[in-house]
Amino acid sequence: MPDAAAALVDAADLGAARNLRQQLMASGHERPEGDTCPICFVLIEFPMNKHAKRNACCMKRVCNGCVLAAHQRGLRGMRGIGRLCEFCRTPIPHDDASTLAMVQKRVNKGDADATKSLGDKYYHGRLGLAKDDLRAIELWTEATELGSIDAHYQLGYAYYNGDGAKEDKPRGIRHWQEAAMKGEVESRHKLGDVEYYYGNYEVAVQHYMISAKMGYETSLNDIKEMFKDGQATKAQYAEALLGYRDAVEETKSPQREEAKRLGV
């Protein structure tokens with residue numbers, strides 16, 4: 001049975017699809033620089049939105065350990081009026097209009113992360129914006145052109161599922177492929193899901209192995225279930241488990257563990 005990518009193209013393109021699959025499996029095994037806290041330079045544990053915070057002023061994703069450390073050094077409160085950004089020391093706005101203006105300012109300067117974030121705000125209808133899927137797609141597309149791999153993931157999800165855009169599964173897969181080859185873990189996992197759906201278990205487990213070894217628990221759990229169902233080997237599950245544990249261990253620090261204990 002051909003892989004999912006090959007199943008979605010003409011027979012004349014099967015060779016190119018196989019070459020792409022080889023490229024996919026050979027690249028994207030390391031997480032991107034944006035997954036690292038800019039203060040402690042340690043990779044952030046998944047899910048990142050739980051273990052880190054991103055401020056509109058500089059769009060840097062700062063881990064909870066460094067947020068706590070900044071508070072302990074007297075950098076104002078972690079919440080409430082008077083809080084400063086832990087990275088750039090800019091006062092954090094406390095109303096939607098000010099936050100939106102701060103994001104828009106960075107968008108106007110061609111900031112990829114800000115452009116992707118503004119797309120998110122339109123998609124969810126936040127910061128006082130009316131929900132606008134078309135505008136979200138436009139901004140995510142612009143963000144990919146500026147270098148955002150997170151925006152590739154969002155576009156992949158939108159096109160593959162027809163969520164906010166007309167369903168176009170090949171287009172969605174291409175976005176996930178672009179992101180996965182640059183280390184975007186959720187896109188890698190989604191490619192595994194696609195292959196699993198097509199019954200290509202061997203290819204699916206290869207994708208899941210890569211993302212599990214990068215610390216993505218959902219991929220590890222899927223390999224475990226595939227092992228139970230006879231679709232993955234015991235050796236593959238053991239390798240994924242060891243890789244996952246090593247990856248998670250690399251994201252730990254005393255400050256982060258204290259932040260978890262204090263509920264930061």
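Me: What makes helix α2 and helix α11 count as roughly parallel?

Reply: This is a predicted model. In it, the axes of α2 (residues 14–26) and α11 (residues 201–212) cross at roughly 30°. Angles under 35 degrees count as roughly parallel. The two helices are therefore roughly parallel to each other. Their axes also come within 10 Å.

Me: Which residues of α2 and α11 meet?

Reply: From α2, R21, L24 and M25 take part. Their partners in α11 are V203, Q206, H207 and I210. Contact here means heavy atoms within 4.5 Å. By class, this contact has 4 nonpolar, 2 polar and 1 charged residues.

Me: Now the pockets. What is the volume of the largest pocket, and which residues lie nearest its centre?

Reply: The volume is about 1300 Å³. The lining has 39 residues. Nearest the centre of this pocket lie N49, R54, R61, K116 and D120.

Me: Which element gives the largest share of that lining?

Reply: α6 does, with 6 residues. Elements that give two or more residues include α3 (48–51), β1 (52–54), α6 (112–124) and α13 (234–250).

Me: How does the lining of the largest pocket divide by class?

Reply: Into 15 nonpolar, 9 polar and 15 charged residues. Asp, Glu, Lys and Arg count as charged.

Me: And the second largest pocket: what is its volume, and what lines it?

Reply: Its volume is about 450 Å³. The lining has 21 residues, and E33, G34, D35, K60 and D113 are the closest to the centre. α6 and α8 each supply at least two residues of this lining. The classes are 8 nonpolar, 4 polar and 9 charged.

Me: How do you know where the second largest pocket lies relative to the domains?

Reply: Look at which domains give residues to its lining. Domain 1 (31–92) and domain 2 (93–182) both do, so the pocket lies between them.

Me: Which domains does the assignment give for the chain?

Reply: Domain 1 (31–92), domain 2 (93–182) and domain 3 (186–249). These bounds come from an automatic or database domain assignment.

Me: How far apart are the centres of domain 2 and domain 3, and what makes the two domains count as in contact?

Reply: Their C-alpha centres lie 27 Å apart. Contact is judged on heavy atoms, with a cut-off of within 4.5 Å. On that test, 8 residues of domain 2 are in contact with 6 residues of domain 3.

Definitions and conventions:
Residues numbered from 1 in each chain as written. Predicted model: local features only at pLDDT ≥ 70, side-chain atom pairs only at ≥ 80, totals over all residues. Heavy atoms only, no water. Axes fitted to C-alpha atoms, helices over the stretch in contact; angles between N-to-C directions. Helix = DSSP H or I, 4+ residues; strand = E, 2+ residues; numbered from the N terminus. Parallel < 35°, antiparallel > 145°, perpendicular 65-115°, else oblique. 1 Å grid on protein atoms, 1.4 Å probe; cavity = no way out; pocket = protein on both sides within 12 Å on 5 of 7 lines; lining within 4 Å. Points joined across faces, edges and corners; volume = space filled by probe spheres on them.
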